Protein chains: 2
Amino acid sequence: MLGKLNHVAIAVPDLERASALYRDTLGACVSRPQALPEHGVTVVFVELDNTKVELLEPLGEGSPIAGFLSKNPDGGMHHICYEVADIIAARDRLKADGARILGDGEPKTGAHGKPVLFLHPKDFAGTLVELEQV
Amino acid sequence: MLGKLNHVAIAVPDLERASALYRDTLGACVSRPQALPEHGVTVVFVELDNTKVELLEPLGEGSPIAGFLSKNPDGGMHHICYEVADIIAARDRLKADGARILGDGEPKTGAHGKPVLFLHPKDFAGTLVELEQV
């Protein structure tokens, strides 16, 4: 069911500083910041040879990463996103296995404009898992 | 400087359960467990199309992931490993930029038999970063 690792998301308190770190200190190719107000984050993409890392900074009120950053003020790995071919089939298989889907269980349009679901960390070894249909 | 994302390591309290989760619930290809006593972990590789996830369970006394699991009893993302072509050049560039290398600053032989270094999470947005020379 799982395809590629689409991205690892790292929540950061200071996107400019984190971008400079990946660009200048680690020598990676990083995008310009993109504000995604409907997702409550500003994102910078770190382009690696086989996948990407997304640096996320809270944007606006009620950002979905605000709670994480209040617990982890230096930042940290927030979620991991795996690709699936059919998100409804994936969702139904997960539910049949007793895994909890966050929210109302229906795919939403994610930050890349594709259908996504988030899975409950308690069911996945303490890791917030995003599935994205590609 | 950064090449591929070599792996994301997820520390887990119960490797058999986490393996079953990735194999049966998420439908991924997972390896058999490999005990790495010199690294204080038993590892299962989750093979994705473009990279891998490593599930780590503590092995023996003084496992390097024991402290993390005591703080995160459900498990969680422990570190992210990026490939570099020349680990000494990478190390020297990082040190020149003021980044802290864990341990004595000299590459060690990692779990894949290749030279690795770990970078201080406080210098990398709260994320434990491993560099592996490939």
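This is a predicted model: local features need pLDDT of at least 70, side-chain atom pairs count only at pLDDT 80 or more; totals for chains, interfaces and linings use all residues.
Between chain B and chain A the count is 2 salt bridges, a salt bridge being a side-chain nitrogen of Lys or Arg within 4 Å of a carboxyl oxygen of Asp or Glu. One of the pairs in this class joins Lys122(A) to Asp74(B), with the closest N and O atoms 3.0 Å apart. Residues are numbered from 1 along each chain as its sequence is written, chains are lettered from A in the order in which they are written, and side-chain values use heavy atoms, with hydrogens and water left out.

Let me stay with Asp74(B). This residue lies in the loop between α2 (66–71) and β6 of chain B; helices (H or I, at least four residues) and strands (E, at least two) are DSSP runs, numbered from the N terminus. Is Asp74(B) buried, exposed or partly exposed? Asp74(B) counts as partly exposed because its relative accessibility is 34%, where buried means under 20% relative accessible area, exposed over 50%, and partly exposed in between (1.4 Å probe, protein chains only).

Pro13(B) itself sits in the loop between β1 and α1 of chain B. With a relative accessible area of 47%, Pro13(B) is partly exposed. Besides Asp74(B), the contacts of Pro13(B) include Glu57(B), Leu69(B) and Pro73(B), again not counting residues up to four places away in sequence.

I turn now to the interface as a whole. The contact takes 40 residues from chain B and 40 residues from chain A. About 3,600 Å² is buried between the two chains, and carbon and sulfur atoms give 62% of that area; buried area is the accessible area (1.4 Å probe) that two parts lose on being put together, summed over both. On the chain B side, Leu26(B), Asn50(B) and Met77(B) lose the most area to chain A, together 19% of what that side buries.

Next, the core. The largest nonpolar core has 64 residues, and Tyr82(A) and Tyr82(B) are among those with the most contacts inside it. Such a core is a set of buried Ala, Val, Leu, Ile, Met, Phe, Trp, Tyr and Cys residues joined through side-chain atoms within 4.5 Å. In soluble globular proteins, nonpolar side chains tend to be buried together.

After α1(A) comes Gly27(A), with a positive phi near 70 degrees.

Finally, Arg91(A) is in helix α3 (residues 87–96) of chain A. Arg91(A) is buried, with a relative accessible area of 9%. Leaving aside neighbours within four places in sequence, Arg91(A) is in contact with Ile101(A), Gly105(A), Glu106(A), Pro107(A) and Leu117(A).

Terms used. Contact means heavy atoms within 4.5 Å.
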